[in-house]
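Subject: Structure handover

Hello,

Here is the structure we talked about. Please open it next to this message; my notes follow below.

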Amino acid sequence: MKVYRVLRNRTASRGKQLGYVAGVLTMPAFLALATLFAFGLAAMVIAGHLAATVNGGPAGVDQASSAEQGLGASSFGKPAGKPTKVVGSSGQPRRTARVLVVYYSRSGNTLKMAEAVVEGARSVPGTEVLLREVTTVNKEDLNWADAIALGCPTYFANIPGIMKECLDQWNWKWKVDFTDKIGGAFATGGGQMGGKEHAMVSLLLFMLSNRMMVAGPLFEDETGEDIWGEPGAGAMTGPLDPGVSEKELESGHRLGQRLATLAVRWIGSAQL
Ligand SMILES: Cc1cc2nc3c(=O)[nH]c(=O)nc-3n(C[C@H](O)[C@H](O)[C@H](O)COP(=O)(O)O)c2cc1C
């Protein structure tokens, strides 16, 4: 029994010694790991703070993606509303200019003009074009556009009521911000002096009231020496000159071309 107790005591004290030695050996390693972890954590916090400062705050990622939207985006600490330069490594605009063509048409004349405007806009390199009937256009389409062409028939020397109702909704209900978007208008009318120019001017006034910049088609004679502009594009469709002629379609084409050209320039010249 005595021998057994002596053996047990010896074994116990040897165990304590071993535990002490292991503790002494592992402590520095533990302390080294803890120090490394603390340094790493501090470095991450400092790096995060610096990155946030460079990007103008924690919203840096959102701002970069809003820069993709180009006009009016708040980017890299610049105040909102300032145009943003969106260029790729080649120095070219990173995204295309967006032209939206919105029309109302019951018997197809104004639709033909709208299609000519679309073709004109498409003929300008670096342009994306969307055609929408006025009752189907939505808020996203309107926000998406850099340039908007509006067209409608003449009803009693003015724009049709349905067109007015939709336009009012864009502002009153949808609260679309049209600031600095480029705009142009076109109208068809049955009569020679039936008021289609008045309808077209009404569309332009809507745009001006909503802080847009408006433009019309450009023309030149065969020699190219005589050049002029018009407030919009139009077609006379009544019995005196039925349908939409090639020349009238050309005015729509020129309108689309002008709006797209301005939109491409506007995006390309916007400064950081
Ligand atoms: C209710 C109504 C009123 C119209 N009022 C005029 C008018 O005041 N002046 C005019 O030149 N044409 C007038 N028109 C003719 C249309 O403006 C013309 O036919 C137009 O090209 C129709 O366009 P759409 O084919 O795109 O619907 C009127 C047509 C309708 C249905």
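Start with F156, which sits in the loop between β3 and α5. Helices (H or I, at least four residues) and strands (E, at least two) are DSSP runs, numbered from the N terminus. F156 has a positive phi of about 50 degrees, yet it is not a glycine. Most residues other than glycine have a negative phi. F156 counts as exposed because it has 11 C-beta neighbours inside 10 Å. The cut-offs: a residue is buried with 20 or more other C-beta atoms within 10 Å of its own, exposed with 12 or fewer, and partly exposed in between, with C-beta atoms placed from the backbone.

K175 is another such case, with a positive phi of about 55 degrees although it is not a glycine. Its place is the loop between α5 and β4. K175 has 8 C-beta neighbours inside 10 Å, so it counts as exposed.

A caution on the source. This is a predicted model: local features need pLDDT of at least 70, side-chain atom pairs count only at pLDDT 80 or more, and totals for chains, interfaces and linings use all residues. Residues are numbered from 1 along each chain as its sequence is written.

pLDDT is the predictor's confidence in each residue, from 0 to 100. The protein averages 78, and 64% of the residues score at least 70. Over residues 45-89 the pLDDT is below 50; this stretch has 54 contacts in the model beyond near neighbours in sequence. A contact means two C-beta atoms, placed from the backbone, within 7 Å.

Now the overall picture. The protein has 7 helices and 8 strands. Of its 272 residues, 32% are buried. Among contacts with a separation of 6 or more, 73% join residues 24 or more positions apart.

Next, the core. A nonpolar core is a set of buried Ala, Val, Leu, Ile, Met, Phe, Trp, Tyr and Cys residues joined through C-beta atoms within 7 Å. The largest one has 49 residues; V99, V101, V117, A147, L259 and A263 touch the most other members. Elements giving two or more residues to this core include β1 (97-103), α3 (109-122), β3 (147-153) and α7 (246-269). The largest share, 8 residues, comes from α7. That helix is mostly covered, with 17 of its 24 residues buried.

What does V117 touch, leaving aside its neighbours within four places in sequence? V117 is in contact with V101, A149, G151, F186, G252, L255 and G256. The 14 residues of α3 should span 20 Å at 1.5 Å a residue, and its end C-alpha atoms are 20 Å apart, which agrees. The expected span is 1.5 Å times one less than the number of residues.

Last, the ligand. Of the 20 residues around the ligand, S105, T110, P153, G189 and G194 come nearest. A residue is near a molecule if its C-beta atom, placed from the backbone, lies within 6 Å of it. α3 gives the most to this shell, with 3 residues. The shell divides into 5 nonpolar, 13 polar and 2 charged residues. Here Ala, Val, Leu, Ile, Met, Phe, Trp, Tyr, Cys and Pro count as nonpolar, Asp, Glu, Lys and Arg as charged, and the others, Gly among them, as polar.

Best wishes
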